[in-house]
2 protein chains.
Amino acid sequence: MTELKNDRFLRALLREPVDVTPVWMMRQAGRYLPEYRASRAKAGDFMSLCKNPDLACEVTLQPLERFELDAAILFSDILTIPDAMGLGLYFETGEGPRFKKVVRTLADVESLHQPVIKDDLDYVVNAVSVIRRELNGRVPLIGFSGSPWTLATYMVEGGSSKDFREAKKMMFCEPQTMHLLLDKLATCVIDYLNAQIDAGAQAVQIFDTWGGALSDRDYQEFSLSYMQKIVAGLKRESEGRRVPVILFTKNGGQWLESIAAAGADAVGLDWTTDIGLARQRIGSKVALQGNMDPTMLYATPERIRQEVETILGRYGKGSGHVFNLGHGITPEVDPENARVFIDAVHELSAKYHN
Amino acid sequence: MTELKNDRFLRALLREPVDVTPVWMMRQAGRYLPEYRASRAKAGDFMSLCKNPDLACEVTLQPLERFELDAAILFSDILTIPDAMGLGLYFETGEGPRFKKVVRTLADVESLHQPVIKDDLDYVVNAVSVIRRELNGRVPLIGFSGSPWTLATYMVEGGSSKDFREAKKMMFCEPQTMHLLLDKLATCVIDYLNAQIDAGAQAVQIFDTWGGALSDRDYQEFSLSYMQKIVAGLKRESEGRRVPVILFTKNGGQWLESIAAAGADAVGLDWTTDIGLARQRIGSKVALQGNMDPTMLYATPERIRQEVETILGRYGKGSGHVFNLGHGITPEVDPENARVFIDAVHELSAKYHN
């Protein structure tokens, strides 16, 4: 493999010294970029874009052509696993993801297909290989998966949901059915992320988008414990280098101590948490990733720079911080504001490193 | 005024001994009740229901006819103040609240009408008087208002919003304009709640539904500081008895210490916070209200009772807990499950009190 030219991102995740704070953006390959919209139009629908490794590579690299990002992230969807389990993922315009089949009973869970990565999810693994080759050592490549709980919500609801009524009903009244589903998902996520690591992913992130909709007790039992199981099952070294794992639970700020104890190298923060307090709470155990409000990208360039300065100041001196947004970049953002953000992180962070 | 027959709710808010834990439900007068839907149909639209004191009284009392609730809450909308400021509130079916005018500039804020309660919001004050009379001392009556930040989001966005883009843009780029708006709102909320107290409200709650969408820093500056100002301006005694104030910030679990320091008697918790940990953090300063996941009301009666038992056990022995849901009851809940919930709180909590 080609030597890595910029390893700030990997070093910061392991709390090793860096020259400046690394930065990437969740959903950096996305609809706010006109070139992404063109690739998507070329592909037809969203899943055709995900399932074509060359197109997935094309959109993964687009933000890197524009901005001085310190990491690339595999372009894919979080619902590839439920799709591979036989639920029939599709997207209705303006409706978000939908499944042809839903999972509501023990029999539904028992009859799920347990995916074999090389047969059912080879398109993702192939995309990782192609992207890694095309990156040519420029920056590290992040692989990712949804968390079991987050995937389960979509599978039980049949798509997006406001209050996760059906998923919670299963969790409340048939916890053993929910646990079986989560266990099947965790097993698959381990295989899936290890296959991404084998294909060249140099770090992996688990997105727990909906863990924050749970009570404290249910979060520990139905979301965090399965992420912990996944972390324990991952290959942590590849190509002679540690493969860091990042756990990101949106609205998980109350639970940072237990998230930090789950075995990952880094914890993602949404924008509601003060990163200085988070560092006091868990910064001696893990690196932190985050956490500017994505809505700040609608502000003026001056205001964006000011916010970057504030967050850098709150984190303080030394390594262990990967700058990011607190959630994905939204479609209506002006790409020039994303540039202001990224450049500000590099420019303003030098003084916090020696 | 008639003597209060059941004062558990007021006693628990002041951490005074009670026989059993009192309980009420946010949005207890609402669409899950067929009799509410009938009253609403009779009124025509939603605002006509709010603006008619007799109908507002009718729906306020409906859940008390069915269930052994320990408090009534004024039936009204949180957006009465922006409406009185001249924005023209209306409801589009399936769309939620909308305003004819939006507030986007300093000139917009400066030209807002500063409501005079007895002229512009007399229908709310009259509803409080009628309800209080009709309650006839059965249980205490709660008055309420939205928080300045929560009201401001609707006024700037022109209605509901997913990411509060316009409101945050104003906050980020023209903070002095946002502060002027929040200050005008806080002044009005003080008058509004004091008028409710004068008319017979025996406790008041401030609903900060959207404070949890802010960063830690912005929450302190743009939401909590204005709630603190309101609390400082409220009449805290009426009819020879203390009028307790409850602050409820949804998704505010990270900030309990600062919320508890704002001067209120009680802090509302959504269901993501463990009430036992919350009591350790702030229970020596304030009472706690909450916090069962409202989605639990879709579970079986047995499971609902089990959850009530768990939450009571987490809070532990002694007063200072008003049981509630962690957010409003949703329209599709079976009223019989609400009954199971309310009865379980009374039945299962006796052993925690002497």
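This is a predicted model: local features need pLDDT of at least 70, side-chain atom pairs count only at pLDDT 80 or more; totals for chains, interfaces and linings use all residues.
Entry 1: the two copies

Two copies of a chain are related by a rotation about an axis and a shift along it, and I wanted both values here. I found that a rotation of 180 degrees, with 0.0 Å of shift along its axis, places chain B on chain A with an RMSD of 0.0 Å. The two copies are therefore related as by a two-fold rotation axis.

I then asked which residue of chain B comes closest to the rotation axis. I found Gln254(B), whose C-alpha lies at 2.8 Å from that axis. I also checked whether the copies use the same surface, and noted that 100% of the contact residues of chain B recur in chain A.

Entry 2: where the chains touch

Next I looked up the contact itself, in which 26 residues of chain B meet 27 residues of chain A. On the chain B side, the elements that give two or more residues are helix H10 (165–173) and helix H12 (216–233) of chain B. I recorded that H10(B) provides the largest share of this side, with five residues. Sorting the side of chain B that touches chain A by class, I got seven nonpolar, 10 polar and nine charged residues.

Entry 3: a helix pair inside chain A

Two packed helices are described by the angle between their axes and the distance between the axes, so I looked up both for one pair. The axes of helix H4 (residues 53–66) and helix H8 (residues 122–135) of chain A come within 8 Å and cross at roughly 50 degrees. Because of that angle, H4(A) is oblique to H8(A), and I noted that the crossing of H4(A) and H8(A) is right-handed.

What does H4(A) bring to its meeting with H8(A)? I listed Pro53(A), Asp54(A), Ala56(A), Cys57(A), Thr60(A) and Leu61(A) from H4(A), which meet Tyr123(A), Asn126(A), Ala127(A), Val130(A), Ile131(A) and Glu134(A) in H8(A). The residues of this contact divide into eight nonpolar, two polar and two charged.

Entry 4: the pair in chain B

I repeated the look-up in chain B, where the axes of H4 (residues 53–66) and H8 (residues 122–135) come within 8 Å and cross at roughly 50 degrees. H4(B) is therefore oblique to H8(B), and the crossing of H4(B) and H8(B) is right-handed. Among the residues that meet here I noted Cys57(B) and Leu61(B) in H4(B), and Val130(B) and Ile131(B) in H8(B).

Notes:
Residues are numbered from 1 along each chain as its sequence is written. Chains are lettered from A and ligands numbered from 1 in the order in which they are written. Two residues are in contact if their C-beta atoms, placed from the backbone, lie within 7 Å. Helices (H or I, at least four residues) and strands (E, at least two) are DSSP runs, numbered from the N terminus. Ala, Val, Leu, Ile, Met, Phe, Trp, Tyr, Cys and Pro count as nonpolar, Asp, Glu, Lys and Arg as charged, and the others, Gly among them, as polar. Axes are lines fitted to C-alpha atoms, for helices over the stretch in contact, and angles run from 0 to 180 degrees between N-to-C directions. Angles under 35 degrees count as roughly parallel, over 145 as roughly antiparallel, 65 to 115 as roughly perpendicular and the rest as oblique. A crossing is left-handed if the near helix is turned anticlockwise from the far one by less than a right angle, and right-handed if clockwise. Copies are superposed by least squares on the C-alpha atoms of residues with pLDDT of at least 70 in both.
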